[in-house]
Amino acid sequence: MSLAHDFERCDLDIKSNKRSHHTEQNGEDRLIVRRGQPFSLVLHLKAGSPEFNPEETSFTLIVETGTLLGKESDTKVSFGLKDSTDDKEWSASASKAPGNTVALNISSSPEAPIGLYSLSLLQQGQSTSLGAFVLLFNAWCPRDAVYMRSETKRQEYVLSQHGLLYRGSATRIHHKPWNFSQFEPGILDICLKILDEGLNVVSDTDQDCSERRSPVYITRVLSAMINSNDNEGVLVGEWAEFEDGVHPSTWIGSGDILRQWADSGPVCYGQCWVFAAVDCTVSRALGIPCRVVTNFSSAHDGNGNLLIEKMYDEDGERNFHVWVESWMARPDLEQAGFDGWQVSDATPQETSEGVFCCGPVPVSAIREGELTKKFDAPFVFAEVNADVVEYVKLSTGDFVKFSGSTDSIGQNISTKAVGRDKRRDITHHYKYPEGSEEERRVFEKAQHRNKLQKKGKEPGLRIKLAKNMVVGSDFEVYAVLANNCMVAKSCSFMLYARAVRYNSTRGASCGFISDTVTVTPGEEKLLFLKLKYSDYGKVISPDRMIQLTAFVNDKENREYHKAEKLIVLDEPDLEIKQCASLQLTGEARVGQPLTAELCLLNPLPEALQDCSFTLEGVGLTQEKPITIKLGTVASKQEAKASVQLSPREAGFTVLLVDFDSDKLKNIKNFIPMVVMSDALSPSLNTIAMT
């Protein structure tokens, strides 16, 4: 007969378990473990209770998440000591420990639903609560669907709280620092709340909870919940008016967005890079390896024919678009070759199965033109591969096709490099080189017309830029027209500039020049346009983008040619001078004051109003960012501030700084650093700054 024991309390051994499960950055106030990996507890027996003997003792452990009562759903599981030899099932073992204690080891299933669990012990019909824990996906467990072999990549794609987002144009790529903040206090609970607010919870709560075993399911839920088009999701998208909310370029981290959503509902406002960054934060918090990816010259195929047909002056392609890739196996596709990185996109563009979401779809399926693979493969394929066909409408009402390149879509697809603050080009993951036999094969498989058909020689038309184009300066650009034909050409030659947003929404004109030229065979003609701050400064958006377009109209032969180039104006340098105490000691320690000296030169020929610096850093500032208001900064003068920080946590961290004003917005910089504990030897102290 099994002995019954009286348990006084249960020690969850939080610190040791979190260290072995790579969850110590979440703090030590609760037990957070990863599935498929054992965790240990210590049961303290009451005085007078029989001594524990595993050969004479039997009890049942019960773990439960959600509301569905039934083992078949995986949301409530009962198991005994050494109850299972199947490494896909929950199991436990126990042994006598020093003192009047029992060492209990529990192994969770690598296929268990993630979420908040209760743990109880049942013996002789009496149930005793042992506590609660949060179970996450486990990139360190080979049996977990999100298993990632490389420790360096696990550090980057699961544990890193700092990243770089890429914006601009294919030829002028800029990075934007971002704090993912997935381990900040309260963020994990908010991420679990996001899952609880999903549309599937409303329609079938129990089934939703059971499906949380699958990273494919979780990723699709997040794609729908990070936007608020169909529900009370995290972010409201806006691309025009921002007066009643926060301009998307102002955000520097996910923490503020998620906390604001938890307190008061959908947050105003987000655009593609904000949607993607928040999606990445939640994915990493739940244990799914994730990275943010930028596609330059991204297409939006609204009718699914893999062509972008547009009349001149209509939108058809974006300067860049940002989504996420998440790492996981795809057993649901029932075919090998589609595990690994999966694209999902939380920016609301088109509906998928009636909901504004996109993905996950294997990157390998996009590369190979496998458009039947779930989810939303044709839409993502078009974003990186679609042809652009443009027309000009004549005064007669007829449409004439522009000549031009069809390889402009999907360029310089970028993500942050592993372990370095550098850009990595991953275009080759999505598509074969333009013009290659492999690309021809993929397009034929995708039932797309052959865009590699041989073309005749066309007049050369290109746009050249100045070397230094800092916002506030005047600079000159020019178009070059080369006659590659055997006869002279008489043409109308035009070059104009207009403000544009990152999603290619066109603004007001800021420059124009035209001429009628005769170009002999082999000759080149140049057309110069000077762009003045007094013209473009009044119309550019915070994206600091100007679209240049050159037109050539050979009226005699009714031939039209167009070239475009996007300018992303350089922003002034925001200098974060080395902290004063670090200059003296070369150390950064917990509790040791650090003084950050901030400086930015106003490059504009006019004063800046409402100037401010905002600082944010995990473990360096409190949960809310620090804002320092400066007032007015005169033309060509420096905005300066000195801020004292006191590091609260040891480890790697990043200080982000943002400068904002009425005319110069969202200028950002960052410094990474390693903060050492007082308990460590001074010889181990390091500090890295950029």
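This is a predicted model: local features need pLDDT of at least 70, side-chain atom pairs count only at pLDDT 80 or more; totals for chains, interfaces and linings use all residues.

Biologist: Good to know. How many helices and strands does the chain have?

Modeller: There are 14 helices and 38 strands in the chain.

Biologist: And what share of the 690 residues is buried?

Modeller: Buried residues make up 54% of them.

Biologist: What about contacts, how much comes from residues 24 or more positions apart?

Modeller: Counting contacts with a separation of 6 or more, 65% are between residues 24 or more positions apart.

Biologist: Ok, switching to annotations. Where does UniProt put the "binding site" feature?

Modeller: The UniProt record, an unreviewed entry, places "binding site" at Asn385, Asp387, Glu434 and Glu439.

Biologist: Let's take Asn385. Which helix is that in?

Modeller: Asn385 is part of helix α10, which covers residues 377-385.

Biologist: Is Asn385 buried or exposed, and why?

Modeller: Buried, because its relative accessible area is 3%, and the cut-off for buried is under 20%.

Biologist: And Glu439, where does that sit?

Modeller: Glu439 is in helix α12, residues 437-445. Its relative accessibility is 3%, so Glu439 counts as buried too.

Biologist: New topic: salt bridges. How many are there?

Modeller: The count comes to 26 salt bridges. As background, side chains of opposite charge can pair when their charged atoms come close.

Biologist: Show me one. What does arginine 172 pair with?

Modeller: Arginine 172 meets aspartate 570 in a salt bridge, at 2.7 Å from N to O. Arginine 172 is in the loop between β10 (162-168) and β11 (173-179), while aspartate 570 is in the loop between β31 (559-568) and β32 (574-577), so the pair ties together parts that are 398 residues apart in sequence.

Biologist: Are those two partners buried or exposed?

Modeller: Arginine 172 is buried, with a relative accessible area of 17%. Aspartate 570 has 21% relative accessibility, so that residue counts as partly exposed.

Biologist: Which residues are linked in a network of salt bridges?

Modeller: Glu184, Asp256 and Arg259 are linked that way.

Biologist: Now helix α3. How many of its residues are buried?

Modeller: Helix α3 is mostly covered, with 7 of its 10 residues buried. Among them are Ile187, Cys191 and Leu192.

Biologist: Tell me about Leu192, then. What does it touch?

Modeller: Leaving out residues up to four places away in sequence, Leu192 touches Gly115, Val134 and Leu286. Leu192 and Leu286 are 94 residues apart along the chain, and their C-alpha atoms are separated by 8.1 Å. Leu192 counts as buried because its relative accessibility is 11%.

Biologist: Where's glycine 253?

Modeller: Glycine 253 is in the loop between β12 (235-237) and α7 (254-264). With a relative accessible area of 3%, glycine 253 is buried.

Biologist: Which residues is glycine 253 in contact with, leaving aside neighbours within four places in sequence?

Modeller: Trp178, Asn179 and Glu616. As for alanine 277, that residue is 24 residues from glycine 253 in sequence and 8.0 Å away in space, C-alpha to C-alpha.

Biologist: Last one: which strand holds asparagine 553?

Modeller: Asparagine 553 lies in β30, residues 545-554. That asparagine 553 is buried follows from its relative accessible area of 12%. Not counting residues up to four places away in sequence, asparagine 553 touches Ser490, Cys491, Ser492, Glu559 and Tyr560.

Biologist: Great, thanks for the tour!

Methods: Residues are numbered from 1 along each chain as its sequence is written. Side-chain values use heavy atoms; hydrogens and water are left out. UniProt positions are given in the numbering used here, feature names are shortened, and annotations may be inferred rather than shown by experiment. Helices (H or I, at least four residues) and strands (E, at least two) are DSSP runs, numbered from the N terminus. Buried means under 20% relative accessible area, exposed over 50%, partly exposed in between (1.4 Å probe, protein chains only). Contact means heavy atoms within 4.5 Å. A salt bridge is a side-chain nitrogen of Lys or Arg within 4 Å of a carboxyl oxygen of Asp or Glu.
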